[in-house]
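Welcome! Here is a friendly briefing to read alongside the structure shown below.

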Amino acid sequence: MSHPGRGHGHGHSHNLSEIPAVLSPLARWFVIATLSVIGVGVVVGAVVLWPSDGEHSIPMQFRSADGGSIQTVDAHVVDTQRADCLNPLTGTVQDGAEFQLPGASPTGPCIAATVQLDDGDDRGRHTLLEIPTNRAQSGSEPGALAPSADQLDQPQAGQPTLAVGDKIRLSVVPGPDGNTRYTFFDYQRTIPTIIWALLFVGAVVLVAAWRGLRSIIGLVFAFLVLGIFTLPAILDGKSPVAVAVVSSAAILFVVLYLAHGISLRTSSALLGTLMSLVLAGVLSWLSIETMHITGLSGDQTVNLQVYQSSISISGLLLAGFIIGTLGVLNDVTITQASAAFELAAAGEPTRLATFRAAMRVGRDHIASTVYTLVFAYAGSALPLLLLFSVAQQPFGSLVTTDAIAVELARSFVGGIAIALSVPLTTVIAAALTRPAGATPAGPGSEPPPPPPAPTATPRPGGRHARPDL
């Protein structure tokens with residue numbers, strides 16, 4: 001039976017915001033002062049690194065024929081037929097949907113897709129797209145498996161598979177005769193993306209309620225930082241590492257306090273994450289230097305270097321490592337901080353006992369999170385691994401190529417950072433908790449109320465009932 005005014009039998013609440021977190025003023029103010037100094041440093045760093053308003057030239061692969069940005073229009077497929085390739089009407093515009101298709105037959109080497117334009121100057125008119133199938137190929141590489149009949153009728157590698165009703169985007173290009181022509185650019189994904197985003201937000205808010213909504217707001221803020229500050233600052237020639245550190249710290253300050261509230265519990269997780277982030281940065285630099293990773297195995301990196309050679313590729317690679325560790329470190333540190341505060345409130349007698357109990361939780365978390373991290377990177381590199389699997393090269397040579405070494409380094413750095421973040425955050429959180437055997441040390445704090453004296457209820461015959469517990 002619980003005592004009046006004491007809650008349930010253990011005398012504590014499971015609501016983390018109600019858990020007392022009183023330690024000596026030295027420890028409490030040390031955390032507050034440290035985070036304040038870091039916060040001021042983030043603001044100063046953002047001011048110094050803030051990008052200018054200068055315009056940047058458009059990369060070659062994103063330019064249209066006239067040198068400007070690529071213009072696109074929405075369209076949808078109304079018909080597909082098989083016909084000969086190199087139809088001179090491809091990309092041209094006409095009012096009707098009937099195009100002349102030389103060599104039309106069920107086994108034609110090309111797919112002729114009739115498309116209706118949904119916006120732009122030619123809205124309501126039609127154009128023709130030509131998609132070569134594998135039948136149009138002159139041959140295959142020596143030793144490659146011969147394609148089956150079904151594979152012969154599939155579009156060639158890199159070509160879209162279009163069906164009637166598909167909503168697509170077409171790029172607008174000037175034709176040799178001065179008239180506008182259209183080519184396939186991409187699929188329309190606006191509506192499906194919005195639907196999936198709403199499902200994501202709905203699931204998070206449904207389960208996590210108001211805290212889930214605040215985490216979504218924090219996620220939006222993170223993308224705003226990346227889009228408004230991080231990317232423009234790097235393109236402006238600022239140090240990618242410095243920009244990544246400032247961006248990551250700013251995101252952590254807002255996201256953690258917004259999602260979990262302003263408290264010593266959140267502050268311990270934030271300080272642990274920031275310290276782990278610094279370690280991750282140092283480890284990332286060491287891994288890049290010792291493994292001689294160039295980052296030039298990716299086409300995007302090469303294109304970026306050609307476009308703007310002033311950007312440090314090694315610095316950009318290091319910045320990617322730092323930003324990539326944000327999510328997993330945040331997950332580990334907030335869990336450890338919560339575990340330490342919960343365990344202290346549940347009756348751990350000392351801060352050392354709280355630390356040891358929280359570390360038992362942390363060890364399980366390390367194991368599961370490392371698996372998640374490594375499998376995520378392995379999944380992203382799966383197409384590359386498949387190509388390497390048929391390269392007939394020694395396994396040791398393949399896993400040390402630059403493309404694979406980047407993913408391995410990310411896994412190694414992320415795993416080490418996770419492992420080190422657990423004791424770091426647990427030490428900070430345990431120091432800020434108030435174990436059951438601790439007495440308040442801060443000014444103005446009140447000692448816990450003493451347990452009430454046992455009461456005895458007289459019974460007939462001089463016997464007494466057991467104390468009311």
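Most of helix H8 is covered, with 15 of its 21 residues buried; buried means under 20% relative accessible area, exposed over 50%, and partly exposed in between (1.4 Å probe, protein chains only). This is a predicted model, in which local features need pLDDT of at least 70, side-chain atom pairs count only at pLDDT 80 or more, and totals for chains, interfaces and linings use all residues. Residues are numbered from 1 along each chain as its sequence is written, and side-chain values use heavy atoms, leaving out hydrogens and water.

**Helix H8**

- H8 covers residues 326–346 and reaches 30 Å from its first C-alpha to its last, close to the 30 Å expected (1.5 Å times one less than its number of residues).
- Helices (H or I, at least four residues) and strands (E, at least two) are DSSP runs, numbered from the N terminus.
- Just after H8 comes Gly 347, with a positive phi of about 125°.

**Aromatic pairs**

- Rings of Phe, Tyr and Trp (its six-membered ring) pair if their centres lie within 6.5 Å; planes under 30 degrees apart count as stacked, over 60 as edge-to-face and the rest as tilted.
- The count by this rule is 2 aromatic pairs.
- Trp 50 and Phe 229 are stacked, because their ring centres are 5.6 Å apart and their planes are at 25°.
- Trp 50 sits in the loop between helix H1 (25–49) and strand S1 (72–83) and Phe 229 in helix H3 (residues 190–235), so the pair ties together parts 179 residues apart in sequence.
- Trp 50 is partly exposed at 47% relative accessibility, whereas Phe 229 is buried at 5%.
- Phe 184 and Tyr 187 form an edge-to-face pair, 5.6 Å centre to centre with 75° between the planes.
- Phe 184 is partly exposed at 27%, and Tyr 187 is partly exposed at 25%.
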